[in-house]
Amino acid sequence: MMKTLARNSHQIGAAIQRVRKQRGLTQSQLAERAGLRQETISIIENGEKASRIPSILRVLAALDLELIIQSRSRGHEDDIEALF
């Protein structure tokens, strides 16, 4: 079972991109599976713009992944600063 810690949009995007590439999918192929535009996949993977949660959930479902919400583990102070 794969576990990836993601605390900001850039980390979420990088995790999605990593799994997409591991599965040998292009952004266009993932977009088709998720019912989204390729540009939306690019925006999510780059983590540069605010992405809608429903879009992210569709991408995760298309990759057979799920989002788990849990208490934050203790991280380094730099991790917290990266959120703001």
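Trainee: Which element gives the largest share of the lining of the largest pocket?

Mentor: That's H1, with six residues. Keep in mind that we're looking at a predicted model. H1 and H4 are the elements that give two or more residues to that lining.

Trainee: How big is the largest pocket, and which residues are closest to its centre?

Mentor: Its volume is about 1,100 Å³. Of the 31 lining residues, Thr4, Ala6, Glu66, Leu67 and Ile68 are the closest to the centre.

Trainee: Why is the contact between glutamate 45 and arginine 20 called a salt bridge?

Mentor: The closest N and O atoms of glutamate 45 and arginine 20 are 2.5 Å apart. The cut-off is 4 Å, so the pair qualifies.

Trainee: What does that pair tie together?

Mentor: Glutamate 45 sits in helix H3 and arginine 20 in helix H1, so the bridge links parts that are 25 residues apart in sequence.

Trainee: Are those two residues buried or exposed?

Mentor: Both glutamate 45 and arginine 20 are buried, which means under 20% relative accessible area for each.

Trainee: How many salt bridges are there in the whole structure?

Mentor: The search finds two. Arginine 37 and glutamate 39 also meet in one, at 3.7 Å from N to O. That value is within 4 Å, so this pair passes too.

Trainee: What about the largest nonpolar core: which residues have the most contacts inside it?

Mentor: The core has 14 residues, and the ones with the most contacts inside it are Ile16, Leu30, Ile41, Val59 and Leu63. Helices H1 (9-22), H2 (27-34), H3 (38-46) and H4 (53-62) each supply at least two core residues. H4 gives the largest share, four residues.

Trainee: What does leucine 30 touch, leaving out residues up to four places away in sequence?

Mentor: Leucine 30 touches Ile16, Arg20, Ile41, Val59, Ala62 and Leu63.

Trainee: How do you know that those are contacts?

Mentor: Contact means heavy atoms within 4.5 Å, so each of those residues has a heavy atom within that distance of leucine 30.

Technical notes. Residues numbered from 1 in each chain as written. Predicted model: local features only at pLDDT ≥ 70, side-chain atom pairs only at ≥ 80, totals over all residues. Heavy atoms only, no water. Core = buried A, V, L, I, M, F, W, Y, C linked by side-chain atoms within 4.5 Å. Buried < 20%, exposed > 50% of the residue type's maximum accessible area, 1.4 Å probe, protein only. 1 Å grid on protein atoms, 1.4 Å probe; cavity = no way out; pocket = protein on both sides within 12 Å on 5 of 7 lines; lining within 4 Å. Points joined across faces, edges and corners; volume = space filled by probe spheres on them. Salt bridge = Lys/Arg side-chain N within 4 Å of Asp/Glu carboxyl O.
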